[in-house]
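Please walk through this model with the structure open beside the text.

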Amino acid sequence: MAQFVPTFQRKASRFAALSLGVVFSLALCNSDAQPQAAAQDSVAQNSAVERGRKQFEQSCGFCHGADATGARGPDLVRSPLVAHDVKGDLIGEVIRHGRPDKGMPPIPAMTDEQVADIAAFLHARAAEALESASVPKSYPVEKLLTGNADAGKEYFNGPGGCKNCHSPTGDLAGIAAKYSPIELEARMLYPGDRKDGPQTTAVVTLPSGEQIKGQVVHADDFVVGLRDASGWYRSFARDRVKVELHDPLAAHGELLGKLTEADVHNLFAYLESLK
Amino acid sequence: MLSHVFPTIKRPSSRANRGPRRARFCLAGVGERGSCGCRLLYRALALPMSTMQGRVMLLLLVFFLVLCAPFVVAQGLDPAALLKPATDTWPTYNGDYSGRRFSPLDQINAGNIGSLTLAWAFPVRVAAIKSTPLEVNGILYFSTPDNVWAVDARFGREIWHYERRSEGDHIGHRGLAMYKNWLYFTTPDAHMICLDAKDGTVRWNVELADPKLGYFATMAPLVIRDHVIAGVSGDVTDVRGFLDSLDPETGALQWRWYTEPDPGQPGSETWPKESDAILHGGGMTWMTGTYDPGLNLLYWGTGNPNPVLAGEGRPGDNLYTCSIVALNPDTGKLVWFFQTSPHDVHDWDSVETPVLFDATFQGKPRKLLAQASRNGFFFVLDRVNGQHLVTAPFIDETWASRVDSRGRPVAKPEAAPSPDGALVEPGSDGSTNWMAPSFDPQTGLFYVNARRLFSIFYLTATGKAEGWGGRDHNLWANSTLRALDYRTGKVVWNHELGNRESIAGILTTAGHLLFTADNSGNLLALDPATGKTLWHLNMGGRLVASPMTYLLDDRQYLIIPVEDILYAFVLPEHLVAGPQSQTTETTNTRPFHSSSTPPGAPWNKGLTK
């Protein structure tokens, strides 16, 4: 969605920059677009991570925490050694020889496969920390449903002024089925994707008094360009005509500054009930 | 030899010099491409001396060498020159140490701006140019991630291009620093590279920080005498921010100042004791600071703490993240600090330029420092001791409940990121960001490209947060250029730039002009006193950097990058030669930071009260 682009780009560029593992690349990319071999690799990788998780919990979790964020021993998600490790080449050394000076016992019996699995798990944990700079589209609705739907309905019909443009049996019928909960919350606040939504329109009054109405293609301080009723593009220098712009989303913009946190969550609870 | 001979032409003492100087320049300019001068030499030597043509050639050769001789001079930058404000050049990221981005040049001015014309364009075809070029001795030096160019500042032709592909974040690059004949360039893999300004060859290359840990670098270093000051970026992982001073000759580390104090040191009490949070607390130093040579204080803004949106594991103010700090540039020791966002949980780095100027405050002349901060507040401090003078929102915000006795905004608890989402203005991109602000001593106004930006902040971390621990979704943004009264932070005028987030920087000049761009691809020249548009041009792309200007051959150039093309604007020749053209000799003697508003100027009334 348009409003998410800057966020996504920033996150993606940071993520791409840090080649700390490909485990979570599926979460970022459309898996359908991936070659089949890559998909299989990814499945294999995921199994390695799961085996590694169990192995880690059993052999290392007591000191490093089951999630590797540290307990008596250091946090390994932030570990420079893990960051430099490639498929267990550094991690394996530490596991097998221990860190006697710091009280870590050696585990010489650990097999190559077990080391590789633990390494895969730790790299996955590091990647997860990187990936934490995003909100998954499959965000659990329970986390979002902290408001009161009835209060939301009241706000919708009352102070919010939502009913002036929207109806739960009209344009919003089944809206909760149309969007994922997290998308619905964002679109409820500001429906940013305007391609399939309502467009800004303009009324241009020429010096002769003639009026031209249409959908705005471009508007800045100097020019307004629009598609008139015939479908043809027309443009005008703004210092020679009178221009009135009508932004159908203006009410959303104004509401952003007025909504309390409670209003947001109540309204969301109400819209989420419109399945 | 000839390939790097550039004439160093001082400002002419009289207009009568114009013709000959231009001719000399032309010869040297052609010679620079290794054709004209060499051909003359070759032909003179190849032809028999007895022929008339040979004698003419020899004469021409002698004439050529005589003309060139005075111009074979060092092309470098004496660091002592930086101690005085730049007048006709642009030798540092901000043009001078003050960070005002005000140029005393006025050849291009409010009276002739309508005649501005294109001199040349230089496309880099690599990435958007976010850097501000340096201009030293007729050469522009600028960068994108992994790339540096030296470009003829008169004609827009490439002199050299340096490229070094690297791992690391390529989000943007702000520019270079120069010391004598050397350039300093930071890289996406957090290296500092010293290049020979003559040809772009590498002199040395040192690692500032480990890129495998998530560090990278985008900033333009700052040269102070024999220190090259460099900061680092990277808040996707929980690493410790720092500022380095390197030896310009060798790259050896002179000092390192960590954003988070060592455990047990003053400031460490603002972090939890029984955890490693302080050593993973972020606070990146990713924008170029400013410097007061008189006080010998280096001013730097620090970034957000880590984990970014999840503050639970780091209770306390988290010093010295989201702060303006004053350091001794010779030792790296902290002299004073001011925190703009205590315990930040919104990614509101306080790295925006700390702008230095001297002006009257409550009836007394003061040495001031002003910052329009990413959190939406404008701060004015006494830069001698960090005393807080002004805190005022420069745009709507919804996150602060009040300002405390120390001038720090206090966050509402409900504005903190939450699992169900907290609607907050501004979003994490901030009410402003890295784009350059400006202070114009002629108007006494501080200018900032500001935004109204609503975002919903989600806390996603469960268990111990690592990295960001959440994210915000931008909902709606609208940009506006604001002129602020530095005495109160009140908005004096407002110029709308359109929907979405502007990242266009600002330049003001003695020509009573303010340069920036709107969000529709128009470059703008505004009246700095009123915000009225005096000139605009649709460039078909966005300005994602900051404009700069310089004077060469008695001609003022205005450089504005639009996406991946550098554009140079000048006045048409007949206007430059005309009587209205004024070089600003008088401004050469202007003392550093002076607020040199002409007495009696209408916009000066407030200043003198």
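Where in chain B does Tyr320(B) lie? The model is predicted. In it, Tyr320(B) sits in the loop that runs between β16 (297-301) and β17 (323-327) of chain B. Leu319(B) and Tyr320(B) are joined by a cis peptide bond, with omega at about -5°. Most peptide bonds are trans.

Glu425(B) is linked to Pro426(B) by a cis peptide bond, and omega is near 0°. Pro426(B) belongs to the loop between β25 and β26 (438-440) of chain B.

Next come the backbone angles. Most residues other than glycine have a negative phi. Asn296(B) is not a glycine, yet its phi is positive, about 50°. Asn296(B) is in the loop between β15 (290-292) and β16 of chain B. Asn296(B) counts as partly exposed because it has 13 C-beta neighbours inside 10 Å, while a residue is exposed at 12 or fewer and buried at 20 or more.

Chain A has a positive phi to inspect as well. Lys87(A) has a phi near 50°, and Lys87(A) is not a glycine. Look for Lys87(A) in the loop between α5 (80-84) and α6 (91-97) of chain A. There are 14 other C-beta atoms within 10 Å of Lys87(A), so this residue is partly exposed.

Stay in chain A and step back to the loop between α4 (61-64) and α5, where Gly70(A) is placed. Gly70(A) has 18 C-beta neighbours inside 10 Å and therefore counts as partly exposed. Which residues does Gly70(A) touch, leaving out those up to four places away in sequence? They are His64(A), Gly65(A) and Asp75(A).

Now turn to where the chains meet. On the chain B side, 45 residues are in contact with 41 residues of chain A. Which elements of chain B give two or more residues to this side? They are β25 (422-424), β27 (445-459), β28 (470-485) and β33 (533-538). The largest share, 5 residues, comes from β28(B). By class, the side of chain B that touches chain A has 17 polar residues, 14 nonpolar and 14 charged.

One element links two parts of this tour.

Technical notes
Residues numbered from 1 in each chain as written. Chains lettered and ligands numbered in written order. Predicted model: local features only at pLDDT ≥ 70, side-chain atom pairs only at ≥ 80, totals over all residues. Contact = placed C-beta atoms within 7 Å. Helix = DSSP H or I, 4+ residues; strand = E, 2+ residues; numbered from the N terminus. Nonpolar A, V, L, I, M, F, W, Y, C, P; charged D, E, K, R; others polar.
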